[in-house]
Amino acid sequence: MALFCHDIQEKLPATASVTDFDQIRAAAPAGEPERQQYFMEADRAYFTARFEQMIASGEALSRYGKERLEEMQKNGRIGTVDVVTFGCQMNARDSEKLLGILETIGFQEWESEDADFVLYNTCTVRDNANQKVYGRLGYLRTKKRNNPQMLIGLCGCMMQEPEAIEKIRRSYSHVDLIFGTHNIFKLAEILFERIANGKMTVDIWESAKEIVEDLPVERKYPFKSGVNIMFGCNNFCSYCIVPYVRGRERSRKPDEILDEIRKLAADGVIEVMLLGQNVNSYGKNLSEPMTFAALLRRVNEVDGIKRIRFMTSHPKDLSDELIDAMRDCDKVCHHLHLPLQSGSSRILRKMNRKYTKEEYLALVDRIRFAIPDISLTTDIIVGFPGETEEDFQETLDVVRRVRFDSAFTFLYSVRRGTPAAAMEQVPEEVMKERFERLLKEVQQIAGEVCGRETGQVRRVLVESLDDHKDGYVTGRLENNIVVHFPGDETLIGTIIDVVLEESKGFYYMGRALPKG
Ligand code: 5AD
Ligand code: SF4
């Protein structure tokens, strides 16, 4: 039987084994992050013992294969985990934190649902996100039948909905652990409770009691990282479920954010994406209020950081101060994601967006005047309750006038408990027909706009080897457009000059210029 690490062993009787759950729980420290570090060790001891049994019985060999098993043993791994992210950048960042905890416990990342532990970090912004999760859970039922030791976890936005939890309890009893958006830092302890209780463990908080920092994070890319600057949303757009599942707006203190960015820079990160549901209202609820523009200027001063992005901006809060900061800060990318949602002032009012079509267009003019090469992207919802053909034409009109670099288009999806759910719905066929027309318009314009830099030289952050073409790499321009060009892995994580030789509609083919 595997032993505990020194820190835990000191707190327990010498005879304690990894399954003496009550004793282990009773000796856990009360304060964070020490408590979670303790449970990571306790989980590690338990899974190490289980892994040794699997090796002894020959199960490990048949599960992982000889080569992978030897590699896992060499690296001190005790099982495999697949963290699957649904939804937005905030969820992607949360998944990096979850994976950081799981790798510290000793799990090896395994990018398939054949893993020993499959964790879905869910989204619920539209109903199809929920349906996808139910579909995947059905598929995992068979996998678990073949491997009863397998663990299945669910977390993220969808878990903050009581109806979803009820349905999972009723119809998906093979799920092992469930937690929400406010307590992801507690994963190690929740996993421990699942092992100790031997049955489905559900731990959902209605609001954020504490923000626990200083837990491990496993970044997907060594050279770029998301940084949460705030959590939650106070806007209550009438169609949106986010304020209900992510809670009220909470900004992190600027010093904590800057500390994190400095540490990331020291660790080789050159691009940061500042994350929040509505970054433009950053800092309003701090004890010493601070604007997002002021934060951006301070981030711009961090040595080692070369590119700064942010997501998402609400048009109603986008100040001239922020436009000036974007223009002045040399590291801030000239790209702005500015969700329009609808071009009709009547619908915007029903959506509770707090701006009109004219105000949106005037804002775009101000931004383009200050930063002529800005790339603008957007989100648009089609078929919001009560949307008429005239309202839809207003949306098309804005799309034609602004000429977005790209637009994410969504069919309106009813979210239970939101004000729009009680309004008169647009028939599905009408919605779909409008959606097709919008998509066509958006794609045609994007195709024309995206090629506008053909023949020019642009700074490119090289992100990976090209998936489709040997001897090529893939990088991103400041405006987020992708370019493929000849190169090798030594370029990954560096920023270089590339000639954009040919536009392929939504991406470029290029050629790197010699350094100098
Ligand atoms: N239906 C369709 N799209 C929605 N979005 C948010 N809620 C809904 C909904 N109920 C879209 C908005 C938002 C993006 C993240 O998702 O366009 O900007
Ligand atoms: Fe949802 Fe509106 Fe908040 Fe965005 S700003 S998360 S659309 S409520």
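Me: Which ring does the charged end of Arg126 sit over?

Reply: In this predicted model, the charged end of Arg126 sits over the ring of Phe410, 3.7 Å from its centre. The distance cut-off for such a contact is 6 Å.

Me: What lies over the face of Tyr134?

Reply: That is Lys167, at 4.1 Å from the ring centre.

Me: Why is the pair of Tyr134 and Tyr172 called stacked?

Reply: Ring centres have to lie within 6.5 Å, and planes under 30 degrees apart count as stacked. Here the centres are 5.6 Å apart and the planes meet at 20°, so the pair is stacked. It is one entry in a set of 18 aromatic pairs.

Me: Which parts of the chain does that pair link?

Reply: Distant ones: Tyr134 belongs to helix H7, while Tyr172 is in the loop between helix H8 and strand S5, 38 residues apart.

Me: How do you know that Tyr134 counts as buried?

Reply: Buried means under 20% relative accessible area, and Tyr134 has 8%, so the label applies. Tyr172, at 12%, counts as buried too.

Me: What makes the pair of Phe236 and Tyr244 edge-to-face?

Reply: Planes over 60 degrees apart get that name. These two have their planes at 80° and their centres 5.4 Å apart, so the pair is edge-to-face.

Me: Why is Phe236 called partly exposed?

Reply: That class runs between the 20% and 50% limits. Phe236 has a relative accessible area of 30%, so it is partly exposed. Tyr244, at 41%, also counts as partly exposed.

Me: Which residues form one aromatic cluster?

Reply: Phe21, Tyr38, Phe39, Tyr46, Phe47, Phe107, Phe117 and Phe192 do.

Conventions
Residues numbered from 1 in each chain as written. Chains lettered and ligands numbered in written order. Predicted model: local features only at pLDDT ≥ 70, side-chain atom pairs only at ≥ 80, totals over all residues. Heavy atoms only, no water. Phe/Tyr/Trp six-rings, centres within 6.5 Å; stacked < 30°, edge-to-face > 60°. Helix = DSSP H or I, 4+ residues; strand = E, 2+ residues; numbered from the N terminus. Buried < 20%, exposed > 50% of the residue type's maximum accessible area, 1.4 Å probe, protein only. Lys NZ or Arg CZ within 6 Å of the ring centre and 35° of its normal.
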